[in-house]
Structure formats: C-alpha cells, structure tokens
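Thanks for coming, everyone. I'd like to walk you through one model this morning, so please have a look at the screen.

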Amino acid sequence: MNLHRTAARAVAVTTAALLPLTLCACGSGQDAADDGRVQVLTSFYPLQFVAEQVAGDLADVENLTPQAADPHDLELSPARTRDISTADVVVTLHGFQPAVDEAIEARNPAHVVDAADVVTLLSAEVTGGEEDEHADDHGDEEHEDHEGLGGLDPHFWLDPTQLAKVAAPVADALSAVDPEHAATYAANASALVDRLDALDAELAAGLAPFAGAELVTNHTAFGYLAHRYGLSQVGVTGLDHDTEASPARLREIGDIVRTHHVTTLFTESLISPKMMDTLASDLGVATAQLDTLEGLTADKAANGEDYVSIMRENLSTLTEGLNAK
Ligand SMILES: [Zn+2]
C-alpha cells in the first residue's frame, strides 16, 4: 500500500522533468540520448548509495548532506533549496531532516521517494534508542531533530534489509522520469537487493555467536542493527549526537560494563570520541570505532569504500570488540 502511495506521487508529475533537456549544454561529445541526464538528489548518504546503485551511469546523483557532515541537523543553502525544484527525483526520509521536508513542501519536486513509506521504522524504545527512565536526563531540546518521526528511530539503514526496501521505489521513480531505461533501473535495483541480502546473511552469521551481547555505543544509531542481529544496544547518549550524558547515566554505563564484562565501548566516525575515550579509560576498557553510515568520510570515499564495504568493516569491528555470551 505504501508502495502505491509512492507510485501515485511519482505519477503525479509535471513537465519539470523535461527542464534539464533545455538547460543542459553537455558538450562532451555525447550523442543526443545522453543529453538531459536525470538529476537525483538524496538527503543523506545511505540513500545516495541506493540511488547511485539503481541509477548506474544513467543519472547524476548528488547528496544534500555535505560529505562527512551530520545529517541530523542539516541546513540547506538557498542554492540547494533551488536544486530541489529542478531535481527529477528526490530521495529522503520524511521526518528526519526538517529542512529537507520544508524545501520539498515549498518546491514540490517532480518525484519524491520517501523511505518512510517503505521501510519499517521502529520505535526508539524497541531499538534501544531511548528508554523512558532516561528521558529526564535528556530534557526536551535534544529530541527536536526527531519530532517529525514521533518517537521513531530514523537509523533504519543500519539494517541492510531495511535499506533494500528503498531500491524498488527509487527504480520506479527513475523509470517514470526515464521510461526508456526502466528495465535497467529494475535490474539494478534487484542486483542491489541481492547484494544487501548477501550482506545481511554475512552479518547474521558473523554476529550469531554474540547474541544478547551488550553493544555500548555513543549515540544510539545502531538500534536497527542490534534489533536484527540480537544485540542489546546501550547508548551513552540518546538518538541525537549533541546530547551530553549526565553523571547518573555515566554511572549506569559503568554498572552495565562491569556486570556484563563489556570489553569495548564503540565510538563513531562522525563524532568526537573524547567522551567515550574518557569513559573507557575510567572503566579500564578499550574503544573501537564503528561507522553509522550517516555520512561517508572523505578518506573512505577516496578509498572507494561504500555502504557495503563499511558495513563489513563494522562487522569485523563488532566481532573483535563484543563479548560473546
Ligand atoms: Zn544518528
């Protein structure tokens, strides 16, 4: 049913999709069929990855969140907001990035793929992203970023089977813009789903020995991964990056670490590890860095890494740092 909503939105299209044809000067010796390339905008990295895989070399994909920036508090420049008007396809997660939601509403781009229509967003309580008993520690301000999701945890992409659900609607939207290549988009989407299913099997096998283990993270980005592969996520801070853990919370973490013989606290690539390093050294345990895939750092991009290779690195970091029960 959600798929139908996406499709309906994709069909309710105007001639905006034709604009690039008239604007494109592309003089690189390509034939006419290559002119007016399809323009796709995505709102954060894992959606960019999906769009790139599904589009192959048939479209230009750009990400609204600058490389290695925090998608949680994305702000859009006027130029970027204008880009949303002219994009053929915009891929986003409604409720996660209010600035993007506002720009889409104001600019009404031709085709919008909303991941929230197809993925199963879990309550932050289910994923361990937030627990009622800590609500007082955090106060209200920290939750502003996720108000649009009404208590749901946005980090669905850390379960590859959830990210896979975005592939088909992206292929549908691209096909609506560029029907001539519909078969290629569909084949690319299906190849991506296969790749993500294989990654899922690898994660399940690799993490099976750690079922029930405590995964102590900085911000609670890994709830979907923990939920799918049977880990128990313990976030030092909440769903957002900029929360500071209270002394009471730090004491609780200390108790959990000691009770469950946790050997490693997991830090994140986009967040300063300072707080976690201090906590780990106070508790006499190690730290290791996981990647939330909220952005692709310049280093990793330059090394040709992508969602799948980084999830594999996460897997090996986890199997080294988790304490098998
Ligand atoms: Zn996050």
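I'll take the sheet, then a helix pair, then the salt bridges, and end on one leucine.

A word on ground rules. This is a predicted model, where local features need pLDDT of at least 70 and side-chain atom pairs count only at pLDDT 80 or more, while totals for chains, interfaces and linings use all residues. Residues are numbered from 1 along each chain as its sequence is written, and side-chain values use heavy atoms, with hydrogens and water left out.

Let's start with the sheet. When I say helix or strand, I mean DSSP runs (H or I of at least four residues for helices, E of at least two for strands), numbered from the N terminus. Strands count as paired if DSSP finds at least two bridges between them. What order do the four strands take in the open sheet? They run E2-E1-E3-E4, with parallel pairing. At the edges sit strand E2 (59–63) and strand E4 (111–114), each pairing on one side only. From one strand to the next, the twist averages 20°. Inside the sheet, E1 (residues 38–42) and E3 (residues 89–92) pair in the parallel sense over three bridges, and there you can find Leu41 opposite Val90 of E3.

Now the helices. Axes here are lines fitted to C-alpha atoms, for helices over the stretch in contact, and angles run from 0 to 180 degrees between N-to-C directions. Contact means heavy atoms within 4.5 Å. Helix H3 (residues 45–55) lies across E1, E2 and E3, at about 175° to E2. H3 also packs with H10, at an angle of about 130° and with the axes 7 Å apart. The two helices are therefore oblique to each other (under 35 degrees is roughly parallel, over 145 roughly antiparallel, 65 to 115 roughly perpendicular, and the rest oblique). From H3 the contact includes Phe49 and Val50, and from H10 it includes Tyr185 and Leu192.

On to the salt bridges: a side-chain nitrogen of Lys or Arg within 4 Å of a carboxyl oxygen of Asp or Glu. How many are there by this rule? The count is eleven. One of them joins Glu202 and Arg312, at 2.9 Å from N to O. Glu202 belongs to helix H10 (residues 182–207) and Arg312 to helix H15 (residues 307–321), so this pair ties together parts that are 110 residues apart in sequence. For burial, under 20% relative accessible area is buried, over 50% exposed, and in between partly exposed (1.4 Å probe, protein chains only). Glu202 is partly exposed at 30%, and Arg312 is partly exposed at 40%.

Arg249 and Glu252 also form a salt bridge, with their closest N and O atoms 2.8 Å apart. Both are in helix H12 (residues 247–259), three residues apart, which puts about one helical turn between them. Is Arg249 buried or exposed? Arg249 is buried, at 5%, whereas Glu252 is partly exposed, at 28%. Then there is Lys300 with Asp291, at 2.9 Å from N to O, where both residues are buried. Glu62, Arg80 and Asp83 are linked in a network of salt bridges.

Last stop: Leu318, in helix H15. Leu318 is buried, with a relative accessible area of 2%. Leaving aside residues up to four places away in sequence, Leu318 touches Leu207, Leu215, Leu225, Phe266 and Leu290. Its C-alpha atom is 9.3 Å from that of Gln289, a residue 29 places away along the chain.
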